[in-house]
Amino acid sequence: MKVACVGGGPANLYFSILMKRVDPSHDITVYERNPAGSTYGWGVTYWDELLDYLLAADPESASAIRANSVRWDSWIAHIRDRATVTVDHGDEGYGIGRHLLLDILVERARALGVRVEFEREITGEHELPEAELIVAGDGVRSTLRERHADHFGPEFAVGSNYYTWLGTTQIFKAFTFAFAETPHGWIWCYGYGFSRTHSTCVVECSPATWRGLGLHEANEADSLALLEKLFSEILDGHPLIGRAHPDGSSRWLNFRTLTCRTWHRDNVVLIGDAAHTTHYSVGAGTALALGDAAGLVNALHEEATLPAALARYERDRRAAILGTQKGAHRSAQWYENLPRYIDLSPRQMFTLLGHRHSALLPHVPPRLFYVISQVVESLPGLVSWLGSKVTRTPDAPTR
């Protein structure tokens, strides 16, 4: 099959890798509009479950990703001037620089025979007349999707909170949250390491806090200086690093959750952020993109025709990501309703932060939900303890 992948992000690169592993005769080209090495962003996160899958799907790229990742297995939350720590979160998390992740995937794809062309912008399928399949992985602002918006039916749900994505030279040993109170409301951030020298730091607040602090009109330098002061405890003297607009203004955004009515049209199929987005607070974007890649490869090699394969890919992946999408929506709402939880004790508040994906939490008083969660979590231990107290002899009656 002759395949054109529009967009050089993780989804398309991993798709090309897996396609070549299944059948090296596939003719695959990845087109990326930007120059090599010009990717935006700091670090991305993934979890041990994804790493296990990557090691099974393509051990070569997975081993390189693991070797260049930063690992953590604990979370810490700073609330006002207090800290609450959970030593063992139960899952291992990883951070890796987006730039490095793409370099690893590009190198692996090229080693398998994939052509990767940078500074090559594709604006429509008419530019790729020989391609039997066109994979649109050109991001949330996908040009190919928008050319046929009436067919794909993209819809955006815009969150109310403002956020900015920053870097720092502070190396967070754990996945770190910080909640700072200001005269204009709460502002918070979370940070995680992604290399030996840098961490990601995402800052978020309500519209009232954003305007009250003057962040809506502050330039990049003033915005960073204010945030460094507010989060001085966790930064410990390290600077925040931004990515200003050309006019010097800072980059504050409202998150846009994308859904599409359909993911394919003729021989064009959407993948990754071109098809769907999930709120950054669940850290699932990279995992979902790579899952799309694997799902599309499986469908293409298990179905007899292209239409059947694309229909199966969309059906299977919609079902697979539904739970994550719902959890991400509830997570975003939890942060938008932070005042509902912030006056709890640090331990209670941090516990509910861990339960922010729950469909029940918004409908139950927070303190009651905390009590319920503690009872539920203690049940296995309670049952085990009770079992240890029950003794029977061979002749003892049972009831």
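## A buried glutamate without a salt bridge

Glu 220 lies in helix α8, which covers residues 220-230. The model is a predicted one, and within it Glu 220 is buried yet takes part in no salt bridge.

Which backbone nitrogen lies 2.9 Å from a polar atom of the Glu 220 side chain? The backbone nitrogen is that of Arg 243.

## Salt bridges between helices

Side chains of opposite charge can pair when their charged atoms come close. A search of the whole structure finds 20 salt bridges, and one of them joins Glu 60 to Arg 108, with the closest N and O atoms 3.2 Å apart. This pair links distant parts of the chain, since Glu 60 is in helix α3 (residues 59-67) and Arg 108 is in helix α4 (residues 98-111), 48 residues apart. Glu 60 is partly exposed, its relative accessible area being 44%, whereas Arg 108 is buried, with a value of 15%.

Another salt bridge is formed by the side chains of Asp 292 and Arg 317, at 2.8 Å from N to O. Asp 292 belongs to helix α10 (residues 285-302) and Arg 317 to helix α11 (residues 306-336), so the pair ties together parts that are 25 residues apart in sequence. Asp 292 is buried with a relative accessible area of 0%, and Arg 317 is buried as well, with a relative accessible area of 12%.

Glu 314 counts as buried at 9% relative accessibility, while Arg 318 counts as partly exposed at 29%.

Elsewhere, salt bridges that share partners join Arg 21, Asp 58, Glu 60 and Arg 108 into one network.

## The surroundings of Arg 265

Arg 265 is found in strand β17, which consists of residues 264-265, and is partly exposed, with a relative accessible area of 25%. Which residues does Arg 265 contact, leaving aside its neighbours within four places in sequence? With those neighbours set aside, Arg 265 is in contact with Glu 125, His 148, His 151 and Phe 152. Tyr 46, by comparison, is 219 residues from Arg 265 in sequence, and the two are 31 Å apart in space, from C-alpha to C-alpha.

Strands of a sheet pair through backbone hydrogen bonds, either parallel or antiparallel. Here an open sheet of 3 strands has the order β3-β7-β4, and its pairing is antiparallel. The edge strands, each pairing on one side only, are β3 (43-47) and β4 (70-72), and the twist averages 25° from one strand to the next.

Strand β3 is joined by 5 bridges to β7 (residues 93-97), the two running antiparallel, and Gly 43 stands opposite Gly 97 in β7. Helix α2 (residues 48-57) packs on the sheet, where α2 touches both β3 and β7, and the direction of α2 makes about 85° with that of β3.

Definitions and conventions: Residues are numbered from 1 along each chain as its sequence is written. This is a predicted model: local features need pLDDT of at least 70, side-chain atom pairs count only at pLDDT 80 or more; totals for chains, interfaces and linings use all residues. Side-chain values use heavy atoms; hydrogens and water are left out. Helices (H or I, at least four residues) and strands (E, at least two) are DSSP runs, numbered from the N terminus. Buried means under 20% relative accessible area, exposed over 50%, partly exposed in between (1.4 Å probe, protein chains only). Lys and Arg count as positive and Asp and Glu as negative; His and the chain ends are not counted. A salt bridge is a side-chain nitrogen of Lys or Arg within 4 Å of a carboxyl oxygen of Asp or Glu. A polar contact is a pair of N or O atoms within 3.5 Å; within protein, one must be able to donate a hydrogen and the other to accept it, and residues adjacent in sequence count only if both atoms are side-chain atoms. Contact means heavy atoms within 4.5 Å. Two strands pair if DSSP finds at least two bridges between them. Axes are lines fitted to C-alpha atoms, for helices over the stretch in contact, and angles run from 0 to 180 degrees between N-to-C directions.
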